[in-house]
Amino acid sequence: METPIADFVRSYVNSGVSRLHMPGHKGAGPLGCEPWDITEVAGADELYGASGIIAKSEQNAAALFGSGATFYSTEGSSQCVKAMLCLALQNRSAGAPSVIAAARNIHKSFVHAAALLDFQPVWLWPEGGTDSLCACPVTAEGLERTLDTLDAPPAAVYVTSPDYLGNLQDIPALAAVCHAHGTPLLVDNAHGAYLRFLKPSRHPLDLGADLVCDSAHKTLPVLTGGAYLHVSKTAPAAFRERARAALALFGSTSPSYLTLTSLDLCNAYLSGEGGGRIRSAAARLAALKEALSRQGWTLAGEEPLKLTLDAAARGWDGLELAAHLRNGNVEPEYADRNFCVLMVSGSSDEKDVSLLEDSLGRAAGKPPLFRSALPLARGEQVLSVREALFAPQETVPAEESLGRVCGAPTVSCPPAIPVAVSGERIGPEAVALFRRCGVETVDVVR
């Protein structure tokens, strides 16, 4: 497959031109990548007004993902999340309320979008509760009940799939409910760009979603910040027509050409060896999962390239298990008191998986740890997200936040999922979750 961005940048590097333009390093410096770090010189196209090499590269990506249109982001899925929500709100009927129905395990970029775009979230809660902040399974029946309670269809329904623990939502069933109600389905698929290249595809775009964002850098050989915004072939035409403007609303006018080049080169990878490498990695990890299950490990989630160990069931605190793995020269993606999460990709080799297996083999089983059920916190919404996030604030100890109104959501990344959302009165459930998640201070409305 052609790589128009990489070809142009390579040609520019080899041209010997005097760089009397930004950036200030002038193509030289100690990092070694400076020659490839260019700006919008003649012929380099412009990300938010693409008509040349960037537009061609995005068309190549759209063909690979089977989308109606695909657009690049150099600021991760965080930029794409905001753009998706903006598009949904712009497309709602005249006079329709600014409401988004969303599974509660949203990334904090969703909260920032709610403040900037001034919409009202209607939360979709997990049925039967959950013992993790990361998980929020939504059933078609539960979604139907929620939509039936609203006076009008929301501007969109928004879910995260896969979530940080590797759980996948039933996208076909949720899409069917959404479309029956005349509302689009938006999916934060930040962890699942590779799902398109399994056989069969498990990518949300192929399962009925209308707008999907992928963090390419999380699971594909793309530099950090590289992401896709996909518009399905059956989505409203306005989504394709307005997507670039929506991304520009939340993006820097100085996108990284290093990141754009990596997205471009990834197209060639995916059209060549990439799909096979992804499928081989998934098969290798499936074999490891079977072996670990035989050894007594309890696994969570069904995502093919993510290994989620239920550490508590093995008698380990998840943070202690992560430290054990680091001592074995293995760095996990995420850990909390209950779980330890590891991610592989088509770029992982057998040595990586063998090292992980050896290290886990030295983690002897112990009596299971007691796991208290901590539901997601359902705080009373006393201010809009916008009002609270832009209000004067102060930082207080988390243990003293009971009854206060959450200002900016206090959460680390990973997993970047807020315990309390801006504008909610902090209740006992939230305080308990703060304690469990190690959150020591909280920003509240003054």
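Modeller: Welcome! The chain holds 13 helices and 15 strands. Please keep in mind that this is a predicted model.

Biologist: Thanks! What makes the chain as compact as a globular protein of its length?

Modeller: Its radius of gyration is 22 Å, and the globule rule gives 22 Å for 446 residues, so the chain is as compact as a globular protein of that length. Along the principal axes, the C-alpha atoms fill a box of roughly 65 × 60 × 45 Å. Of the 446 residues, 55% count as buried.

Biologist: Let's talk about charges. Why are the side chains of Asp317 and Arg337 said to meet in a salt bridge?

Modeller: The rule asks for a Lys or Arg side-chain nitrogen within 4 Å of a carboxyl oxygen of Asp or Glu. For Asp317 and Arg337 the N to O distance is 2.5 Å, so the pair meets that cut-off.

Biologist: How do you know whether Asp317 is buried or exposed?

Modeller: Buried means under 20% relative accessible area. Asp317 has 11%, so this residue counts as buried.

Biologist: How many salt bridges does the rule give?

Modeller: The count comes to 10 salt bridges. Another of them joins Arg326 and Glu331, whose closest N and O atoms are 3.0 Å apart. Arg326 is partly exposed at 43%. Glu331 has 55%, and exposed means over 50%, so Glu331 is called exposed.

Biologist: What makes the pair of Glu399 and Arg435 a link between distant parts of the chain?

Modeller: First, the salt bridge itself: their side chains meet at 2.8 Å, N to O. The two residues are 36 residues apart, with Glu399 in the loop between strand 13 (393–397) and strand 14 (424–425) and Arg435 in helix 13 (residues 428–437). Glu399 is partly exposed, with a relative accessible area of 48%.

Biologist: Why is the group of Glu141, Glu144, Asp148 and Asp170 called a patch of negative charge?

Modeller: Asp and Glu count as negative, and these four gather on the surface. A patch takes residues with over 30% relative accessible area and no salt bridge, with like charges joined within 9 Å. Asp170 has a relative accessible area of 45% and is partly exposed, so Asp170 passes the 30% limit. You will find Asp170 in the loop between strand 4 (156–160) and helix 6 (171–180).

Biologist: Now for the backbone. Which peptide bonds are called cis, and what are their omega values?

Modeller: Pro23 lies in the loop between helix 1 (4–15) and helix 2 (53–65). Another runs from Lys199 to Pro200, with omega near 0 degrees. Pro200 belongs to the loop between strand 5 (185–188) and strand 6 (211–214).

Biologist: What is noted about phi of Asn329?

Modeller: Phi of Asn329 is positive, about 70 degrees, although this residue is not a glycine. Asn329 is in the loop between helix 10 and strand 10. With 65% relative accessible area, against the limit of over 50%, Asn329 is exposed.

Biologist: How do you know whether Ala416 is buried or exposed?

Modeller: Its relative accessible area is 0%, and under 20% means buried, so Ala416 is buried. Phi of Ala416 is also positive, near 60 degrees, and the residue lies in the loop between strand 13 and strand 14.

Biologist: Finally, how far apart in space are Ser18 and Tyr164?

Modeller: They are 46 Å apart, C-alpha to C-alpha, and 146 residues apart in sequence. Ser18 is in the loop between helix 1 and helix 2, and at 59% relative accessibility Ser18 counts as exposed. As for Ala152 and Ala96, 56 residues apart along the chain, their C-alpha atoms are separated by 7.2 Å.

How values were computed: Residues numbered from 1 in each chain as written. Predicted model: local features only at pLDDT ≥ 70, side-chain atom pairs only at ≥ 80, totals over all residues. Heavy atoms only, no water. Patch = residues over 30% accessible without salt bridge, like charges linked within 9 Å, V, L, I, M, F, W, Y side chains within 5 Å. Areas by Shrake-Rupley, 256 points an atom, 1.4 Å probe, with all protein chains shown as cover. Charge placed at Lys NZ, Arg CZ, Asp CG, Glu CD. Helix = DSSP H or I, 4+ residues; strand = E, 2+ residues; numbered from the N terminus. Buried < 20%, exposed > 50% of the residue type's maximum accessible area, 1.4 Å probe, protein only. Rg over C-alpha atoms; globule rule 2.2 N^0.38 Å.
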